[in-house]
Amino acid sequence: MTTTTAAARGHEYGYDDLARLMRRMTGDEKHGPAATSTLDALWVLYDRVLRVSPGSVDDPGRDRFLLSKGHGPMAYYAVLAAKGFVPVDWLEGFGAYDSPLGHHPDRVLVPGAEIGSGSLGHGLPLAVGTALGLKARGLTEPRVWVLVGDAELDEGSNHEAIAYAGPAGLERLHTLVIDNASASWARPGGIAARFEAAGWSAVTVDGRDHEALYAAFTAPHPGRPHAVVARVEPKSPPV
């Protein structure tokens, strides 16, 4: 597993610091498993793939990352803090009335957040619209990434987005599916097969293996949108 560091607000934070940063967020309704399931994939994206930084959050040429799985944002906030998008001190107020770091990210309050995440199932359609909007503006370099959960794919809005994006050839669109076996319904052939049937490029990897994630994130997929299914340990059942 690759561990790298990056400068953030005068400090050096790496992957090994993320657990400590997440521990600074306390209180109820933390959705811990939903957050930790995304941690490794988020780190690899922000550390090695996404072309966006605290100084380029308003740059039209930046890559866009949309967190559709917004009910477990602790890992997202920890990565944003490690990379300097938000002050580390904000983490301690997570979920408080006057904190910008809510239980669902708010794009107006959180620097670097592209969408407000709330109702599951709307992130992928928004990513399709973002990719179409960039193409219409002649911005061909920015890539659009959206992170969804496996259970989120039960929503019909996602099926419509998947069915549209493949034939439309949205090459700059990328979907990261965190598969922690929490979906209610299995899909014949697995999640990747659903995307492939709609004309996407798709690959399934170990969601804790940084090198495998990086290879999947950067795999060429000319003329097609790309899906990466990151398998992690199953979500623990409620007790």
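I looked up Ser56 to begin with: it is buried, with a relative accessible area of 15%. Buried here means under 20% relative accessible area, exposed over 50% and partly exposed in between, with a 1.4 Å probe and protein chains only.

Before going on, I note that this is a predicted model, in which local features need pLDDT of at least 70, side-chain atom pairs count only at pLDDT 80 or more, and totals for chains, interfaces and linings use all residues. Residues are numbered from 1 along each chain as its sequence is written, and side-chain values use heavy atoms, with hydrogens and water left out.

**Entry: Ser56**

I placed Ser56 in the loop between helix H3 (39–49) and strand E3 (64–67). Helices (H or I, at least four residues) and strands (E, at least two) are DSSP runs, numbered from the N terminus. I then checked the side chain of Ser56: one of its polar atoms lies 2.8 Å from the backbone nitrogen of Ser53.

**Entry: whole chain**

I counted eight helices and seven strands in the protein chain. Of its 239 residues, 50% are buried. I also looked up the contacts (heavy atoms within 4.5 Å). Among those in the protein chain with a separation of 6 or more, 76% are between residues 24 or more positions apart.

**Entry: strand E5**

How many residues of E5 are buried? Strand E5 covers residues 173–179, and seven of its seven residues are buried. I sorted them by direction: Leu173, Thr175, Val177 and Asp179 point one way, while His174, Leu176 and Ile178 point the other way. In a regular strand the side chains alternate between the two faces of the sheet.

Next I looked up the strands paired with E5, where pairing requires that DSSP finds at least two bridges between two strands. Strand E4 (residues 144–149) runs parallel to E5 and is joined to it by six bridges. In this pair, Trp145 stands opposite His174. From E4 the chain passes through helix H6 (residues 156–168) to E5, a right-handed β-α-β crossover. Right-handed means that, with the strands pointing away from the viewer, the path from the first strand over the helix to the second runs clockwise.

E5 also pairs with strand E7 (residues 226–231), in the parallel sense and over six bridges. I found Thr175 opposite Ala227 and Ile178 opposite Ala230.

**Entry: helix H6**

I checked the length of H6: its 13 residues reach 19 Å from first C-alpha to last, close to the 18 Å expected at 1.5 Å a residue. The expected span is 1.5 Å times one less than the number of residues.

Which residues of H6 are buried? They are Asn158, Ala161, Ile162, Ala165 and Gly166. Seen down the axis of H6, these buried residues fall within an arc of 120°, so they line one face of the helix. The arc is that of the directions from the helix axis to the C-beta atoms. On the other side, Glu160 and Pro167 are exposed.

I looked up what covers the buried residues of H6, and found helix H5 (123–136), E5 and helix H7 (191–197) included. Just after H6, Gly169 takes a positive phi of about 65°.

**Entry: strand E7**

Five of the six residues of E7 are buried. Strand E6 (residues 201–206) runs parallel to E7, joined by six bridges, and Val203 has Val228 as its bridge partner in E7. I also noted that E6, helix H8 (residues 210–217) and E7 form a right-handed β-α-β unit.

Terms used:
Polar contact = N/O pair within 3.5 Å; in protein donor to acceptor, adjacent residues only side chain to side chain.
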